[in-house]
Amino acid sequence: MTAKEQDYYTIVDVPIPDGIELEVGGLAFTPDGRLGVSTRRGEVWVIENPYMEGTRIPRFSRFAYGLHEPLGLAYHRGSFYATQRSEITKLTDLNADGKADAYETIVSWPLAGNYHEYSYGPLFTPEGDMLVTLNLGWIGHGASQSKWRGWMMKVSPDGKMVPIATGMRSPAGFGYNAEGDVFYGENQGDWVGSGRITHVETGDFVGNPEGLRWSHLEGSPVKLTMEDIPDTGEPMHKVAADIPGFKTPSVWLPHGLMGISTSDILVDKSGGDFGPFSGQLFVGDQGHSKIFRVALEKVNGVYQGAAFPFREGFSSGILRMVWGNDASMFVGMTSRGWGSTGSAPFGLQRLIWTGKTPFEIKTMNAQPDGFELEFTLPVAKTSAEQLTSYKASSFTYKYHHNYGSPVIELEELDIKGVLVSEDGLKVRLVVDGLKEGYIHEINAEGIKSEGGKDLLHSVGYYTLNQLPDGEKIDLSTLVKPPAMDHSAHQQHAAAPTTAPPGRVTASVSSDAGSAKRVTTMPSSWSGSADKTIIISTKPGLKFDVETIEVKAGSKVKLTFNNDDDMLHNLVIVKPGMAVQVGEAALKMGLEGSQKNYIPDSGEVLFHTNILSPESTETIYFEAPAVPGDYMYVCTFPGHAYVMQGVMKVVR
């Protein structure tokens with residue numbers, strides 16, 4: 001029987017009473033085991049018995065209300081601290097009646113009023129200070145319209161606020177690693193090719209130049225200006241090499257493969273009580289309703305490491321994670337306006353280790369000539385010693401003002417040799433063509449454990465910032481495989497294009513002349529269409545038009561406007577095939593972004609390309625001759641489950 005994630009980590013619902021809209025923005029435990037929950041609707045609830053012991057009934061009481069979308073919560077020395085849109089608020093129950101009597105502003109900052117000006121935190125430091133992060137606004141692109149937007153700030157207990165670092169676009173999650181260093185998570189967007197986590201230190205610039213608007217102010221530890229950041233479309237690590245203070249990601253989370261909307265970061269300090277991943281980071285994803293894990297290492301003083309799949313199947317979009325006192329993980333979720341693969345609008349769930357050890361790639365460490373993979377269980381040497389058990393590739397993303405990036409410079413790499421440790425827990429791979437600054441995909445799908453198990457997840461993505469020194473393996477001591485020519489598999493994206501922010505017409509790709517994507521009205525139409533349709537987007541992964549009607553065989557001109565702040569396409573498919581086509585797009589792997597997430601499938605009838613925010617594309621097609629309820633869907637990874645419409649073809 002094939003192993004499943006739920007065999008090792010169980011998801012348990014914490015029931016929410018009717019009438020409570022628990023759109024989780026923050027989670028924080030009190031020392032006596034009560035769970036505080038801040039919500040996007042401005043409330044703080046306290047849950048007694050969140051573990052559902054005894055009667056198994058958790059008890060909810062409202063502790064505070066009237067706040068402005070608090071997207072973070074902490075408990076410190078008898079009080080809750082919530083980060084509202086424009087301030088950190090200290091909430092204290094003075095008379096022990098279970099309700100906050102004192103709402104004290106610790107510090108406040110200006111707002112421009114833009115809907116996208118979210119604020120996150122606080123994260124307490126060992127010294128008792130607080131860290132907060134401030135989201136950019138959105139005006140068709142990320143914008144720092146008010147002071148310190150796009151920055152991480154430190155706040156003292158008496159309310160003094162000082163800037164720490166900038167270059168952040170949407171820093172929804174941040175936390176400590178096992179060594180006590182701070183990492184923050186970033187979401188794909190303008191200047192951000194893919195999700196990622198980055199080690200943050202005072203004075204860092206981490207990528208998005210909008211926050212540099214305030215670098216001239218007194219107290220700024222960052223001296224770069226917006227004009228110092230080139231917009232060439234070259235890979236980020238190449239640009240950063242020439243700019244002092246430009247900090248590149250510690251670990252990239254390849255878009256669509258490792259989620260689409262990075263959220264919280266939580267370090268495993270359980271000492272093994274949550275499974276075999278002690279010391280690693282767990283990273284949530286709001287859009288894909290799942291959690292990944294990250295194994296870090298430091299090479300030449302620089303953090304880098306690998307990202308792996310961990311657990312999917314949560315009921316809504318994950319925003320917050322916190323440890324219970326029994327080494328279970330509480331997961332807070334929300335989807336309103338942001339959309340997620342989890343169908344519920346909000347939720348609170350608990351992730352519990354069953355005590356069984358999954359067969360996984362536990363860690364991946366860089367070597368001067370490849371990687372060393374450590375496994376949670378001994379491998380079967382007969383499978384582990386076969387070069388065909390592994391595949392490797394490298395790739396990166398464009399660094400530019402455009403929203404996101406396709407995978408570029410994708411190249412298959414040769415596995416030159418394999419060395420298995422005596423205990424079967426480690427495999428050393430000699431990989432030809434390693435590149436500093438690139439993401440390296442290692443797939444060990446052919447590996448089995450000594451007990452005959454398949455890997456629960458066979459792939460890892462290692463961000464190689466620094467090649468370590470050390471001894472290389474002498475290939476003459478290993479069995480040499482026949483030489484392989486991978487030149488035909490090397491893929492290079494086209495030269496980057498740039499366009500000013502705002503509504504633009506999408507560029508025509510190489511498939512523009514195909515019958516499935518025709519972007520010029522056919523000459524045989526004599527200059528007119530039988531039906532003209534305009535479809536746009538709405539927040540929450542929705543088309544603004546849910547049903548369209550066309551006559552069988554009619555000539556249709558369809559314009560798709562992406563008014564959202566994320567990437568979308570519009571794909572017309574055969575009746576009932578929206579989810580299946582969406583899942584096929586998800587399985588396209590690294591080629592997906594290069595092919596606009598359009599699978600090579602007969603179920604796909606017509607499509608636009610992937611459109612950046614505030615862009616548009618028009619396609620022309622003849623409606624199917626057979627009447628029926630055809631569907632249109634966005635096949636960007638994860639969107640197909642909810643972003644659908646119906647094209648009724650009638651006689």
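**Exercise 1. State which residues form one aromatic cluster, and how many aromatic pairs the structure holds.**

Solution. Tyr9, Phe274, Phe277, Phe282, Phe310 and Trp323 form one aromatic cluster in this predicted model. The structure holds 31 aromatic pairs.

**Exercise 2. Classify the ring pair of Phe395 and Tyr461, and locate both residues.**

Solution. 
1. A pair of aromatic rings is described by the distance of the centres and the angle of the planes.
2. For Phe395 and Tyr461, the ring centres are 6.4 Å apart, inside the 6.5 Å limit for a pair.
3. The planes stand at 80 degrees, and the pair is therefore edge-to-face, as angles over 60 degrees are.
4. Phe395 belongs to strand β29 (residues 391-397) and Tyr461 to strand β34 (residues 459-464). The pair links distant parts of the chain, 66 residues apart.
5. Phe395 and Tyr461 are both buried.

**Exercise 3. Classify the ring pair of Phe606 and Phe621, and determine which strands hold the two residues.**

Solution. 
1. The ring centres of Phe606 and Phe621 lie 4.4 Å apart, with the planes at 20 degrees, so this pair is stacked. The cut-off for stacking is under 30 degrees.
2. Strand β42 (residues 604-607) contains Phe606, while strand β43 (residues 615-622) contains Phe621; the pair therefore ties together parts 15 residues apart in sequence.
3. Phe606 is buried, as is Phe621.

**Exercise 4. Identify the rings over which Arg40 and Arg62 lie, with the distances to the ring centres.**

Solution. The charged end of Arg40 sits over the ring of Trp338, 3.8 Å from the ring centre. Arg62 lies over the face of Tyr65, with 4.2 Å to the ring centre.

**Exercise 5. Decide whether Thr262 is buried or exposed, and name the residue whose backbone oxygen lies 3.1 Å from a polar atom of its side chain.**

Solution. 
1. Thr262 is placed in strand β20 (residues 262-267).
2. With a relative accessibility of 3%, Thr262 counts as buried.
3. The backbone oxygen in question is that of Glu186, 3.1 Å from a polar atom of the Thr262 side chain.
4. Leaving aside neighbours within four places in sequence, the contacts of Thr262 include Ala172, Gly185, Glu186 and Arg196.

Conventions:
Residues are numbered from 1 along each chain as its sequence is written. This is a predicted model: local features need pLDDT of at least 70, side-chain atom pairs count only at pLDDT 80 or more; totals for chains, interfaces and linings use all residues. Side-chain values use heavy atoms; hydrogens and water are left out. Helices (H or I, at least four residues) and strands (E, at least two) are DSSP runs, numbered from the N terminus. Buried means under 20% relative accessible area, exposed over 50%, partly exposed in between (1.4 Å probe, protein chains only). A polar contact is a pair of N or O atoms within 3.5 Å; within protein, one must be able to donate a hydrogen and the other to accept it, and residues adjacent in sequence count only if both atoms are side-chain atoms. Contact means heavy atoms within 4.5 Å. Rings of Phe, Tyr and Trp (its six-membered ring) pair if their centres lie within 6.5 Å; planes under 30 degrees apart count as stacked, over 60 as edge-to-face and the rest as tilted. A charge sits over a ring if NZ of Lys or CZ of Arg is within 6 Å of the ring centre and within 35 degrees of the ring normal.
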